[in-house]
Amino acid sequence: MADIKKLESIASQVRRDIIRQVYLCQSGHPGGSLGNADLLVALYFEVMKHDPSFNMKAEGEDVFLLSNGHISPVFYSVLAHAGYFPVAELATFRQINSRVQGHPTTHEGLPGIRISSGSLGQGPSVACGMAMAKRMNGDDRTVFVLTGDGEQQEGQIWEAALFAPHNKLENLVLIIDDNGQQIDGPTEEVLRLGSFEDKYKAFGWDVMHMDGNNMAETVKVLKEAQAKRNGKPTCIVMKTAMGKGVDFMEGTHHWHGKAPSEEQTKVALAQLEETLGDFPA
Amino acid sequence: MLSLNKLQSTGKKATRDGFGAGLKAAGDKHDNVIMLTADLRGSMKSEDFINTYPDRFIQCGISEANMMGVAAGLATAGKIPMTTTFANFSTGRVYDQIRQSIAYSDKNVKICASHAGLTLGEDGATHQILEDIGMMRMLPGMTVINPCDYNQTKAAVQAIAEHHGPVYLRFGRPGWPIFIPEDQEFVIGKALHLNEGSDVSIFATGHLVWHAVEAARQLEAEGISVDLINIHTIKPLDEAAVIASAKKTGAVVSCEEHNKYGGLGSAIAECLSKNHPTFQEYVATDDTFGESGTANELLDKYGLGIKDVVAAAKRAIAKK
Ligand SMILES: Cc1ncc(C[n+]2csc(CCOP(=O)(O)OP(=O)(O)O)c2C)c(N)n1
Ligand SMILES: [Mg+2]
């Protein structure tokens, strides 16, 4: 049984790390990062079989790919706490000569990163390739890929959406961060996405739903998707609140890509318990 | 006639602010100017245009390829569409859509690209395109313009609205010195002579024009006479201006916030090797991706600083 309290306490530290990374360099994307903290903690601390000594090929391991690379602060914090690289390195986020780049990249050799992302819409295709390679290799582990909901507006997303069921990629799990927000405003106003469920079902996927800010539910649905082998890829439509955990950032696109001031940072950190120790600034 | 002492910074604004101001002016004059964006409206500093002409603003969402096609369709019906997003998503992301639906189809689309080069800073290499001038320059019929400050960008937007044919207009994110006189005429394809000199020719485009101006001041103080030329239009290149300057000085430096392959330096080398072979030094990135950092840290680290222009000029002269 998963220790949900423990996972939640890790997620609280991850949220502190997100705020502090973005505050220190006065740059980056806190909103989506906060919203996805529970998901990434669930994946790396409960659901996935993975090895922080890091082998690019991930033989015999579950894999997570971040397609919406702008939420790098959550990815970095989770990877660091999971043991991929020193937590202290988070202090170099977005600064010159760092491995902790603005968007995740393989170029600087940061352990845990398997594909560069930042230009949206490309992750699901890469995940299809990894899922196919696993099948060719007789490796039954699962490939998870996360995209934003705004990101689903990219045409390439729908090329992958056709490809995965056609190729019966049953070991592929696509998670959509359905927070209803993107840079220029609510997705509903910028470019309506309609029902993900209807669309992905029509393309031949199994569709599941979860509240991505409810740890117990997130763990349960992820494990179900991970175990499922029925000839179809799985799409999880995951409701989250952008900015989850910091009241003044919650539910608005204004915190998609903005750094908090010193005062705002204090207020934010007061709402998030320090559970594993802050990285030194 | 401009000269170094007339080129003083009167404050800082981003070239993308110049885009916003130019777009509003072009929109006032031509009621068929349309702005499109792909979920980056806030970054384009165009609220003035959007609020004045809400019916001429099209939000495409995060769908750049579709945006390019929609622009081609609007142009077919006689509109003057200006697509806006970051330079990477304006070019590499949509190269074939531009190639087939815009360039090959002869459409009057203006591809307006912000956050070009290293100076977008902290977002890092995925967003810092250093290959876009090369890609766009390779397309038959494409005009390629990289203005150097707020005033020049504002003037360039108005000029491209008057010009018929596809244009790639490249500008940037950071606040940058404003030093081109506000009333300076902008002529597509015509180099702007910034200083008359005889020892070395410095050809510069985009943000690096300011570095070239500052470098020229230092060189002149050391007794080196600099022929300083702003190549805002990289294609079509003002070959007559390039050849005349190279003939006069016999030593050439090119300066750009772009890879050394395919950009302004390449354009000048192609022109001179055919017409007047001249030793040339490149101030450009050295076939590398960028990284996160502040604009000025990155310009320094990647060899695009003022001191790099000074050193390149001395190397070029030493080879004469
Ligand atoms: C191809 C591409 N176009 C545009 C951008 C700029 N951009 C970065 S994040 C973003 C919005 C993404 O929205 P969503 O996927 O919903 O993520 P959220 O804002 O919810 O974190 C945009 C347009 C980009 N990174 N890549
Ligand atoms: Mg979103």
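Me: Which backbone atom of A:Leu120 lies 3.0 Å from what kind of atom of ligand 1?

Reply: This is a predicted model, and a polar contact is a pair of N or O atoms within 3.5 Å. Here a backbone N or O atom of A:Leu120 is 3.0 Å from a nitrogen atom of ligand 1. A backbone N or O atom of A:Gly118 likewise lies 2.7 Å from a ligand 1 nitrogen atom.

Me: What does B:Glu64 place 2.6 Å from a nitrogen atom of ligand 1?

Reply: B:Glu64 places a polar side-chain atom there. Of the 580 Å² that ligand 1 exposes when taken alone, the protein buries 98%.

Me: Between which chains does ligand 1 lie, and how many residues surround it?

Reply: Ligand 1 lies between chains A and B. The residues around ligand 1 number 22, and A:Asp149, A:Asn179 and A:His256 are among the closest. By class, this shell holds 5 nonpolar, 11 polar and 6 charged residues.

Me: Which pocket corresponds to the space taken by ligand 1?

Reply: That space is the largest pocket, which contains about 1,100 Å³. Its lining has 50 residues, and those closest to its centre include A:His29, A:Ile183 and B:Leu40. The lining divides into 11 nonpolar, 23 polar and 16 charged residues.

Me: What volume has the second largest pocket, and how many residues line it?

Reply: The second largest pocket has a volume of about 510 Å³. Its lining consists of 30 residues, with A:Ser116 and B:Asn88 among those nearest its centre. By class, these are 7 nonpolar, 19 polar and 4 charged.

Conventions:
Residues are numbered from 1 along each chain as its sequence is written. Chains are lettered from A and ligands numbered from 1 in the order in which they are written. This is a predicted model: local features need pLDDT of at least 70, side-chain atom pairs count only at pLDDT 80 or more; totals for chains, interfaces and linings use all residues. Side-chain values use heavy atoms; hydrogens and water are left out. A residue is near a molecule or strand if one of its heavy atoms lies within 4 Å of it. A polar contact is a pair of N or O atoms within 3.5 Å; within protein, one must be able to donate a hydrogen and the other to accept it, and residues adjacent in sequence count only if both atoms are side-chain atoms. Accessible areas come from the Shrake-Rupley method with a 1.4 Å probe; for residues, only the protein chains shown count as cover. On a 1 Å grid over the protein atoms alone, a cavity is a set of points where a 1.4 Å probe fits but cannot get out, and a pocket is an open set with protein on both sides within 12 Å along at least five of seven lines; lining residues have an atom within 4 Å of a point. A molecule sits in a cavity or pocket if more than half of its atoms lie within 2 Å of its grid points. Ala, Val, Leu, Ile, Met, Phe, Trp, Tyr, Cys and Pro count as nonpolar, Asp, Glu, Lys and Arg as charged, and the others, Gly among them, as polar. Grid points are joined across faces, edges and corners, and a volume is the space filled by probe spheres set on the points.
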